[in-house]
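This briefing covers how two protein chains meet. The structure comes first, followed by notes grouped by topic.

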2 protein chains.
Amino acid sequence: MCPAPLHETVPATTPAASLVFTTVLSHGPLTRAEVARRTRLSPAAVTKAVRPLMEVGYLVEDLDEQARPAIGRPANLVRVDGGRALFIGLKVTGDEIIAVLTDLCCRIRVARHMALTGREPAAVLPSLLAMVQELLTEAEGFGVRVCGLGIAVSGDVDRVDGVVRYSPFLDWRDVPLADVAATATGLPVTVDNDVRALTVAEQWFGAGVGLSDFALVTVGAGIGCGLVVGGRVVSGAHGVAGEIGHLSIDPRGPLCHCGNQGCVEGIAADPAILREVRAATGKPVATAAEALELARGGDPLAREVYARAGDAIGRAIGSVVNVLGPERVIISGEGLAAYDLFAEDIRTAFTRSAFGTAAQCDLMTRPLPFEEWARGAAATAIQSFIGPHTPQD
Amino acid sequence: MCPAPLHETVPATTPAASLVFTTVLSHGPLTRAEVARRTRLSPAAVTKAVRPLMEVGYLVEDLDEQARPAIGRPANLVRVDGGRALFIGLKVTGDEIIAVLTDLCCRIRVARHMALTGREPAAVLPSLLAMVQELLTEAEGFGVRVCGLGIAVSGDVDRVDGVVRYSPFLDWRDVPLADVAATATGLPVTVDNDVRALTVAEQWFGAGVGLSDFALVTVGAGIGCGLVVGGRVVSGAHGVAGEIGHLSIDPRGPLCHCGNQGCVEGIAADPAILREVRAATGKPVATAAEALELARGGDPLAREVYARAGDAIGRAIGSVVNVLGPERVIISGEGLAAYDLFAEDIRTAFTRSAFGTAAQCDLMTRPLPFEEWARGAAATAIQSFIGPHTPQD
DNA sequence: GTGGTTCTTTTCCACTGTCAATGAAAAAAG
DNA sequence: CTTTTTTCATTGACAGTGGAAAAGAACCAC
């Protein structure tokens with residue numbers, strides 16, 4: 001087993017190489033001919049792109065297994081050798097830091113959690129860097145170099161400069177996270193909004209593979225949405241997009257802290273559900289889990305609250321679908337724990353509000369544990385490692 | 001003066017040439033150096049791209065005027081010579097066909113209207129082709145070749161195949177409009193959704209110039225929306241996007257023909273306003289103009305209807321802005337005739353519903369006569385004439 | 001004038017991806 | 001059992017593209 005080279009070369013320097021690598025990464029083992037068809041490159045170009053990638057070990061040929069067409073010469077399968085590069089992904093929440101060490105295929109090798117004592121940068125940054133050090137040490141055991149670090153933070157994040165512009169949840173303003181982490185660790189660092197990071201992971205490795213237009217809706221403490229339009233993750237003109245938590249779906253709905261009435265988040269996010277369950281039942285429900293238990297137990301008033309939440313989510317999804325016409329909407333987040341309570345309401349509201357062709361949109365759920373968010377951060381690091389040439393539409 | 005060549009060469013065959021041409025077209029006279037900076041091409045590449053375009057006459061140098069930097073050599077301005085190619089744009093409505101003959105700069109040279117007797121393809125297509133013939137004859141007077149034909153139709157349009165999948169307004173299904181028009185006229189034909197076509201025109205020549213993310217909201221008989229995300233017009237996975245007319249903004253609102261309640265179109269489109277004004281005032285108002293007159297006259301009940309419409313539009317815009325975070329929203333359409341009646345309500349509702357950074361979005365109006373829609377169709381033709389390499393973000 | 005600055009062009013040149021031809025490996029056909 | 005057909009993969013020649021560097025052009029300031 002050869003040791004990792006001191007300076008990892010970036011796998012893909014040319015557009016074609018980047019495109020080929022991305023395609024193989026997302027669509028599993030592929031024959032060169034298949035890659036050529038998918039990328040619309042010539043077979044010759046694929047051969048030439050694959051060779052250097054195989055020489056550095058990022059791509060390998062599956063010698064034992066072959067793809068046999070009905071007739072004609074059998075094809076050799078090419079796949080990414082995940083073990084040849086490692087990445088670290090971090091997700092910062094208000095309570096803890098979740099960190100994962102992944103390989104080049106974005107498979108999680110190690111996962112760590114660390115509780116936070118404070119939310120201010122002075123409290124979080126040292127923990128964050130300690131976490132990275134811990135995983136770097138862990139990585140030594142694999143004998144493979146860590147090639148990138150991705151950090152996911154909720155809020156308004158400038159991913160180009162790697163600056164957290166404003167995170168309401170953490171109460172951070174203009175924290176140059178990428179610079180801090182890069183100088184402390186020496187790694188290439190990407191910083192992105194957490195939902196966008198998760199969206200990238202889904203686009204490349206999850207339920208968004210092969211789709212040019214889809215949305216990822218996260219339900220939990222807040223309600224968020226990541227968007228992929230024309231094969232590209234949407235960031236908006238000012239770095240913020242997918243704020244469906246504050247879509248107002250009822251002009252006479254409850255007042256939201258944002259000042260508007262009837263926001264989805266004010267009806268269907270965990271705190272709102274808790275508040276409403278308490279108000280409806282009069283019972284001293286303290287946590288989302290307790291509210292859930294009450295509703296599962298059959299309390300009709302509590303169930304009604306969940307039904308309203310489902311209706312709100314379904315209507316919000318309907319709005320996104322009417323505006324963008326995506327091929328699929330993936331529903332995820334901790335709120336999915338209560339999915340059985342409002343699945344029907346979501347679907348009903350969605351079907352009612354989706355207009356015309358938009359109703360062809362595929363609605364699916366995908367329970368993603370918190371580690372997946374950190375994996376999303378790693379995915380952004382992998383993305384910048386590979387290069388920008390993603391397959392378009 | 002040299003006559004137009006028999007076979008117009010496509011101006012831009014290489015990516016760089018296409019990019020340079022598009023940049024000069026959108027951003028008016030520019031120096032080569034400025035083009036290089038904007039496109040991030042090398043100055044050498046710009047020179048090489050410009051030369052052949054000047055040889056065929058699509059680009060010219062403004063010899064009389066020069067751009068003088070504070071110090072250093074004065075720069076020569078390059079601009080598009082609109083007169084060297086003509087395009088035809090058609091917009092098909094339920095009542096009439098609007099046709100324009102434009103030059104390469106998409107300036108309207110001739111405009112024509114033709115009333116329609118029926119809406120079915122058998123009635124519309126002959127009129128449409130006659131219209132094209134008329135403009136082709138007209139074009140002969142300019143001594144310049146017509147290089148493309150763009151057709152804009154409302155509804156679900158597959159612009160790649162040039163097929164009208166389903167137009168509710170015309171009650172067309174799967175009409176292969178591009179093929180029909182191409183074989184009849186011998187011109188390269190583009191067919192697109194009307195709002196998207198208008199959006200292209202705004203992106204290249206209107207209020208969207210230089211913006212990577214903006215929305216165009218049209219208010220009138222229906223309520224539509226064209227979207228540009230990351231510099232590209234959004235089409236959605238199934239060819240339909242921007243259906244904000246059926247965003248449901250009030251679960252207890254009036255029933256819409258789509259089956260849902262509280263759709264924007266069921267509150268703020270012309271027919272809805274007419275219906276509501278009649279219902280509120282009890283007066284036999286027959287047309288949108290009459291309703292407008294009544295409200296302008298000071299009828300408080302009628303004004304209230306317009307205020308509600310403005311609120312609905314503002315909320316819909318707020319939804320789009322929260323989802324996509326555009327830099328600007330352009331409001332247009334015949335409905336703008338009543339703008340003074342609901343301008344304030346639109347802005348209030350928008351400001352209330354736009355969350356966080358999204359509120360930085362610039363809200364503006366732009367009265368665009370019906371010819372502009374036909375001009376949009378011409379813009380799609382120009383776009384396909386130039387080639388696909390548009391400046392991205 | 002001379003030097004500095006900016007615009008523009010020219011002359012290489014590295015590089016990319018396509019083309020067309022070739023070889024390889026299997027199934028189908030005779 | 002050979003030949004043909006089909007598909008996959010590779011090779012080498014090649015045409016185009018766009019970049020780097022240098023030179024030229026045109027102007028200002030001194």
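**Interface between chain A and chain B**

Across the interface of chain A and chain B, two salt bridges are found. The model is a predicted one. In total, 41 residues of chain A are in contact with 41 residues of chain B.

**Polar and charged pairs**

- Asp250(A) forms a salt bridge with Arg252(B), and the closest N and O atoms are 3.0 Å apart.
- Between chain A and chain B, 18 residue pairs are in polar contact, counting pairs with both residues at pLDDT 80 or more.

**The side of chain A that touches chain B**

- Strand 13 (223–229), helix 10 and helix 11 (339–353) of chain A each supply at least two residues to this side.
- Helix 10 of chain A gives the most, with six residues.
- By class, this side of chain A has 16 nonpolar, 15 polar and ten charged residues.

**Buried area**

- Chain A and chain B bury about 3600 Å² between them, with 55% of it on carbon and sulfur atoms.
- Of the area that chain A buries against chain B, 18% comes from His238(A), Val323(A) and Phe355(A), more than from any other three residues.

**Helix 10 against helix 10**

- Helix 10 (residues 300–324) of chain A packs against helix 10 (residues 300–324) of chain B at an angle of about 85°, with the axes 10 Å apart.
- The two helices are therefore roughly perpendicular.
- Val320(A), Val323(A) and Leu324(A) meet Val320(B), Val323(B) and Leu324(B) in this pairing.

Notes:
Residues are numbered from 1 along each chain as its sequence is written. Chains are lettered from A and ligands numbered from 1 in the order in which they are written. This is a predicted model: local features need pLDDT of at least 70, side-chain atom pairs count only at pLDDT 80 or more; totals for chains, interfaces and linings use all residues. Side-chain values use heavy atoms; hydrogens and water are left out. Axes are lines fitted to C-alpha atoms, for helices over the stretch in contact, and angles run from 0 to 180 degrees between N-to-C directions. Helices (H or I, at least four residues) and strands (E, at least two) are DSSP runs, numbered from the N terminus. Angles under 35 degrees count as roughly parallel, over 145 as roughly antiparallel, 65 to 115 as roughly perpendicular and the rest as oblique. Contact means heavy atoms within 4.5 Å. Buried area is the accessible area (1.4 Å probe) that two parts lose on being put together, summed over both. A salt bridge is a side-chain nitrogen of Lys or Arg within 4 Å of a carboxyl oxygen of Asp or Glu. A polar contact is a pair of N or O atoms within 3.5 Å; within protein, one must be able to donate a hydrogen and the other to accept it, and residues adjacent in sequence count only if both atoms are side-chain atoms. Ala, Val, Leu, Ile, Met, Phe, Trp, Tyr, Cys and Pro count as nonpolar, Asp, Glu, Lys and Arg as charged, and the others, Gly among them, as polar.
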